[in-house]
Amino acid sequence: MEYIERVLEALKRKNPGESEFQQAAEEILTGLKPIVERHPEYEKTALLERFTEPERVIMFRVPWTDDHGNVCVNRGYRVQFNSAIGPYKGGLRFHPSVNLSVIKFLGLEQILKNSLTGLPIGGGKGGSDFDPKGKSDGEVMRFCQSFMSELYRHIGQDTDVPAGDIGVGGREIGYLFGQYKKLTGLHVGVLTGRGLSYGGSLVRTEATGYGLVYLTAKALERRGDSFEGKTVVISGSGNVAIYACEKAQSLGAKVVAMYDSNGYIYDGEGIRLDVVKQIKEKERARISEYAARVKGAVYCEGCKGIWQIPCDIALPCATQNEIDENDAAALVKNGVKYVGEGANMPTTLAGISVFQNAGVVFLPAKAANAGGVATSALEMAQSSGRMFWSFAEVDAKLKAIMENIYEQMDATAESYGCAGNYVAGANIAGFEKVAEAMMAQGIV
Ligand code: NDP
């Protein structure tokens with residue numbers, strides 16, 4: 001049995017029931033085959049075994065009191081996966097589906113994503129099975145304070161710098177930061193995605209969505225094409241989806257559908273983003289409201305139908321495994337040419353094969369959604385330098401980083417004999433630097 005297969009088999013044995021983690025490991029390790037074949041020293045130093053084993057896993061109790069005086073208990077996680085190239089960096093996810101497997105898959109992906117940005121940041125991820133949906137501000141605040149009362153001892157501006165993810169936006173980062181500062185007395189860049197009044201960076205809110213579109217636009221440009229006049233379907237209606245929609249529209253695309261976890265909206269005239277922002281960002285309400293407010297738009301219960309809508313470009317921006325092989329086949333049948341992953345691992349392994357076999361340009365998450373973490377690293381640079389860059393400055397840096405990521409994964413895929421396979425290109429390009437750093441630092 002080959003080295004990669006043996007590592008994967010052992011990983012599955014050691015991490016039973018962790019389906020998301022196993023899926024991410026399989027996607028990554030399989031894509032690394034060409035580089036592992038060139039480097040026999042990796043096997044001698046058990047590099048892949050070390051790479052897939054988190055440096056540290058922290059799991060903790062998060063007790064808090066709801067508005068009716070009931071004591072609730074959630075579980076908190078921080079997986080500090082790999083610090084070979086810099087301090088751990090990666091978001092916190094608050095969603096009822098969070099478990100150790102989900103956090104480990106996200107942490108493993110994050111290592112390569114962060115490496116691809118070219119910035120000195122290692123990989124980590126965290127979160128809780130707490131559901132902020134339907135909770136009052138007071139409940140969210142008390143939960144965040146309790147969460148940070150344990151987490152603060154494990155993080156720091158030079159060791160581990162969390163950010164937002166699903167269910168963790170500006171409000172949650174504010175409460176988490178306030179508690180960190182109270183406990184430590186330090187006003188430092190220990191969290192990114194902070195408000196502009198207390199150390200945040202311009203463009204951080206828009207960064208993941210904008211970055212996704214910058215990278216996809218580069219792939220289009222390389223093929224003599226652009227977003228102009230294209231029909232786009234975007235899943236989700238959260239942070240990443242909203243700003244992907246904004247940038248795609250500004251480049252002349254028509255976004256016709258979006259969803260939340262209950263159902264999707266279709267608007268053949270093109271989604272009115274001001275209405276979506278009002279509903280999702282301001283009112284924290286359901287996307288179904290859109291159809292009640294915009295004439296001609298329709299709302300359909302359930303998410304799956306969105307992938308039956310004909311489009312040129314699909315941007316899945318909600319959650320993992322949103323697109324399976326049947327959804328991928330429907331998209332291909334209806335003419336999709338580009339798929340850019342805004343969410344983490346939104347496409348199943350079988351779905352990816354369908355796209356690749358059909359010649360769809362498939363842009364994997366660790367490259368396509370790296371704009372968020374890249375801008376977080378720019379926030380860290382501004383914090384430690386006590387500087388504040390303009391919107392245009394940060395946006396230009398973000399665009400340059402995303403275009404560079406595209407060039408890197410394209411060139412890497414080509415140089416390893418798999419031109420156009422961006423899954424392999426992104427995995428190898430991200431892994432090269434991490435592997436070199438791990439080899440240089442000895443068996444640690
Ligand atoms: P948000 O919480 O802002 O939005 C998530 C959106 O996806 C909401 O519309 C939500 O619907 C929907 N959603 C969540 N879970 C499901 C589900 N199980 N089924 C259907 N819809 C679902 O999160 P973000 O926009 O920040 O994150 C979206 C994705 O992008 C995640 O995969 C995240 O890991 C990834 N990402 C985010 C980055 C960031 O900077 N924020 C950076 C890189 C990646 P509802 O409103 O009903 O909950």
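The following legends describe close-up views of a predicted model. Local features need pLDDT of at least 70 and side-chain atom pairs count only at pLDDT 80 or more, while totals for chains, interfaces and linings use all residues. Residues are numbered from 1 along each chain as its sequence is written, and side-chain values use heavy atoms, with hydrogens and water left out.

**View 1. Domain 1 and domain 2.** The domain assignment, which is automatic or from a database, gives domain 1 (2-186) and domain 2 (207-363). Their centres, taken over C-alpha atoms, are 26 Å apart. Domain 1 supplies 15 residues to the contact and domain 2 supplies 13 residues; contact means heavy atoms within 4.5 Å. About 1,100 Å² is buried between the two domains, 49% of it on carbon and sulfur atoms. Buried area is the accessible area (1.4 Å probe) that two parts lose on being put together, summed over both. The interface of domain 1 and domain 2 has 0 salt bridges, a salt bridge being a side-chain nitrogen of Lys or Arg within 4 Å of a carboxyl oxygen of Asp or Glu.

**View 2. The salt bridge of Arg 171 and Asp 137.** The structure holds 28 salt bridges. In one of them, the side chains of Arg 171 and Asp 137 meet at 2.7 Å, N to O. Arg 171 belongs to helix α8 (residues 170-184) and Asp 137 to helix α7 (residues 137-151), so the pair ties together parts that are 34 residues apart in sequence. Helices are DSSP runs (H or I, at least four residues), numbered from the N terminus.

**View 3. Helices α17 and α18.** The axes of α17 (residues 391-415) and α18 (residues 422-440) come within 8 Å and cross at roughly 105°. Axes are lines fitted to C-alpha atoms over the stretch in contact, and angles run from 0 to 180 degrees between N-to-C directions. The two helices are therefore roughly perpendicular to each other, a term for angles of 65 to 115 degrees. Among the contact residues are Tyr 406 and Met 409 of α17 and Tyr 422 and Ile 428 of α18.

**View 4. Helices α6 and α18.** The axes of α6 (residues 100-116) and α18 come within 8 Å and cross at roughly 85°. That makes α6 roughly perpendicular to α18. Contact residues include Ile 111 and Leu 112 of α6 and Phe 431 and Val 434 of α18.

Conventions
Angles under 35 degrees count as roughly parallel, over 145 as roughly antiparallel, 65 to 115 as roughly perpendicular and the rest as oblique.
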